[in-house]
Structures are given as C-alpha cells and as structure tokens.
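I opened my notebook to look up one protein chain, piece by piece.

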Amino acid sequence: MVSQINLSNANITGSLAQFNFTLFSTLTHFDLHNNNLVGSIPPAIGSLSKLTHLDLSNNNLINIVLVEMGQLTELQYVNLFNNSLNGSILYQVSYLQKVWYLDLGWNYLTDLDWSKFLDMPLLIHLGFSNDALKLVFPPFITNCRNLTFLDLSINSLIGTIPESVFTNLVKLEAFNLNHNSFEGPLPSNISKLSKLVSLQLGANKFSGPIPESLSLLSKLEILELFENPIRGIIPSSFGKLKKLKKLDLHSNSFKSTISSELGSCTNLTFLALAKNQLTGQLPLSFSNLVRISELGLSNNFLSGQILPFLIGNWTQLILLQLQNNNFKGKIPSEIGLLTKLRILYLFNNMLSNSIPSKIGNLKNVVELDLSGNQLSGSIP
C-alpha cells in the first residue's frame, strides 16, 4: 500500500480531482508543493485518515480550507502557503490538535469568529501572512504556548498587541507583524520574549519612544521598526545587542544624533536610519562595522565629513545611501576600496573638490548619483 506521495517540483498541472483519494487509505505523506495545480481541494481528501504531512504550497488552488480537513486528526504538518484560497478560515482547522506546523499565508483568507477556534497546544509554526485579516490580534494564538514562529504580516489587523502575547508566548523566536495597522506605544513587556531572534513590527502605527527594555533581547539578530510614528531617540542601549545583523528604523520621527554605541553592534550587515530627523556627524565607532553591506542614512540632517577611515573599513558594502543630508568636504579616495559596491548615492549634500580617480575602481556599480553638490574639476 502507498504511504507516501512526493511529487514536489514535478510540473504537475490540472486539479487535485485527478487523484483518487479512496485508493490511498494508508497515505501518511502527501507533498505536491511547487506545481501548477488549480481548482479546489476536493472533499474526498477527508478520507485520508492516516495523513500526517500535507504540503500543497506554491500552487494555484482556490476556495476555502475545507471542513473535511478537520477530520484529518492525525495531521502534524499543514502547508497551504501561496495559493489562491479564499473565504473565511474555518474553525475546523483547529480540530487538528496534533499539528505543529500550520501555514496558510499568501492566500485570500479572511477573518472568522475566532472564539470558535480551539487552542492548538502543539503549534510551533503559525503563518497567516499576506491574507486578508482585518480584525484584532487573533485571540486563540495567545494560548498556543509552544509557538516559536508567528507571522501575521501584510494584513490589516488593528488594535494593540494583547498583553497575553508577552506572558504566554515566551518561546517565540520569530515574531512578524510588519505591514498591519497595530497602534499604541511600543510595549516595554516585549522584553519578556527573551528568546526572540527576529522582531518585525515595521509599517504599523506604533507611537511613542522605543522602550529601553528592547536592549534586553540579547539574542536579537533582526529588528525592524520602520515606517511607524516612533519618536524620541535611538537608544544608546542598542549597543548591547551584540548579535544584531539587521536594524531597520527608517521613516520614523527620531530627533537625535546617532549614538556612538551603535558601533558596538559589530555583526551588523544592514543598517537603515533614513527618513528621520537625525543630526550630527557619523560616529567614529562606525569604523567597527566591518561587516556592513547595506547602509542607508539618507534624508536626515547629518553633517560633517565622510571620513576616510570609515569608508576604508566598509569594504563589504554593496549599497551606500547618504543623499539628502549636509555632508561637506571631499569624497575620500578610499571610496575606491568599496569594490563590491553596486549603488552609491551621495547627491544633495555640500561635497566639494574633485571626484577622486579611485572611483573608477567601482566596477560593480550600476547606480551612481553625485548630483546636487559643489564638485569641481574634470570627470576622472
């Protein structure tokens, strides 16, 4: 008897109706991800009573997740990511009490009466990204105490983050609420999620200052707070986040200098502080950011010179955006050391003198803009 069907990436077209599920009563593993399947998930799938693994992701399936799927009580892994499923998420999905992985993201699924959802105590991975959710934070989630991965990004969820998230979901390692309409001050209790490696709260309506307690998340590698009306300063205590690789704070309302303590985050490869109201000079401590590959500081009020020893240490850069600031002085010849650079924007500053000949070493550059300065001399 067949126990597994694995036809992922097999370029299968047509509908699931071509599979006679009544012939596969012993099937435990059904994997057809990355194909070209269309149509609905047939009700007959409910006859696969021994199924533990179901992966139909990256197809073109339509219609709601079936009531019949709630009969598959042995399921442990359900991945329907990136289809065209539409309609309300049926509460029968929560009957799958053995499921540890559930991803229904990148579909067209809408809210339901979340109060009918059962707790799913074994869930570790839950994804509802880029669906059509519009209500508040789904309350059943706060009782899924074993979650390590939660992605609700790219929806229209409103309200505040429930306090129970910070008291119950203490095992979370990845928490993504990017591109919603959550509001209120950034909760200081986020620090209770001490296992977080990735915290993504960008493109919401969070306000107020950044709580100092964020610096207690010592395992953080990704922190995204971009496109919020967050004000105040960038905490100097962020220098304690030694594992931080990506820090994205662009398009907020910060009014301060750039803290020199940020230079202690020596694992940073991505730093975006653009479109704020930052003033002062580039911290000398930024010479420690030898791994930085993308640096965006544009559209601020930064001043002073672009120092040679800073540029000389940023040899991993592929993107450097310093445009729309008040930098002055010359473009250092050390710019020629950035041989991996693909994008260099220095426009709309007060840079003067000639363009250094070493700029000709940037053989990988595809976008270069030095306009709106006071440069003189010949083009090298």
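My entries follow, from the whole chain down to single residues.

**Entry 1: ground rules**

I am reading a predicted model, where local features need pLDDT of at least 70 and side-chain atom pairs count only at pLDDT 80 or more, while totals for chains, interfaces and linings use all residues. Residues are numbered from 1 along each chain as its sequence is written, and side-chain values use heavy atoms, with hydrogens and water left out.

**Entry 2: the whole chain**

I looked up the secondary structure of the protein chain and found two helices and 31 strands. Here, helices (H or I, at least four residues) and strands (E, at least two) are DSSP runs, numbered from the N terminus. The C-alpha atoms fill a box of roughly 80 × 45 × 30 Å along the principal axes.

I then checked burial. Of the 380 residues in the chain, 51% are buried. Buried means under 20% relative accessible area, exposed means over 50%, and partly exposed lies in between (1.4 Å probe, protein chains only). The accessible surface of the chain is about 15,800 Å², and carbon and sulfur atoms hold 52% of that surface. That area comes from the Shrake-Rupley method with a 1.4 Å probe.

Next came contacts, meaning heavy atoms within 4.5 Å. Among contacts with a separation of 6 or more, 51% link residues 24 or more positions apart.

**Entry 3: a record**

I looked in UniProt. An unreviewed entry there lists residues 139-299 as "domain: Disease resistance R13L4/SHOC-2-like LRR". Such annotations may be inferred rather than shown by experiment. In the model, residues 139-299 are 4% helix and 23% strand. The end C-alpha atoms of this stretch are 39 Å apart.

**Entry 4: an open sheet**

In what order do the three strands of the open sheet stand? I read S2-S4-S6, with parallel pairing. Two strands pair if DSSP finds at least two bridges between them. Strands of a sheet pair through backbone hydrogen bonds, either parallel or antiparallel.

I zoomed in on one pair. Strand S4 (residues 36-40) is joined to S6 by three bridges. Val38 stands opposite Asn60 in S6.

**Entry 5: strands further along**

S27 and strand S29 (residues 350-353) run parallel, joined by three bridges. Lys328 has Met350 in S29 as its bridge partner. S29 also pairs with strand S31 (residues 374-375), in the parallel sense, over two bridges. Ser352 stands opposite Gln374 in S31.

**Entry 6: the core**

Which residues touch the most other members of the largest nonpolar core? I noted Phe30, Leu150, Phe175, Leu199, Phe238, Trp314 and Leu320, out of 110 residues in this core. A nonpolar core is a set of buried Ala, Val, Leu, Ile, Met, Phe, Trp, Tyr and Cys residues joined through side-chain atoms within 4.5 Å. Helix H1 (163-168) and helix H2 (308-313) each supply at least two core residues.

I picked Leu199 and left aside its neighbours within four places in sequence. Its contacts include Phe175, Ile190, Leu214 and Glu224.

**Entry 7: two histidines**

His33 lies in the loop between strand S3 (29-31) and S4. Buried or exposed? His33 counts as buried, at 18% relative accessibility. The C-alpha atoms of His33 and Ala10 are 8.8 Å apart, though 23 residues separate them along the chain. Beyond four places in sequence, His33 is in contact with residues including Ser8, Asp55 and Asn59.

His53 is in strand S5 (residues 53-55). His53 is buried, at 17% relative accessible area. Beyond four places in sequence, the contacts of His53 include Phe30, Leu75 and Tyr77.

**Entry 8: two asparagines with positive phi**

Asn82 sits in the loop between strand S7 (77-79) and strand S8 (86-88). Its phi is near 60°, a positive value in a residue other than glycine. Asn82 is partly exposed, at 32% relative accessibility.

Asn324 is in the loop between strand S26 (319-321) and strand S27 (326-330). Asn324 is not a glycine, yet its phi is positive, about 55°. With a relative accessible area of 26%, Asn324 is partly exposed.
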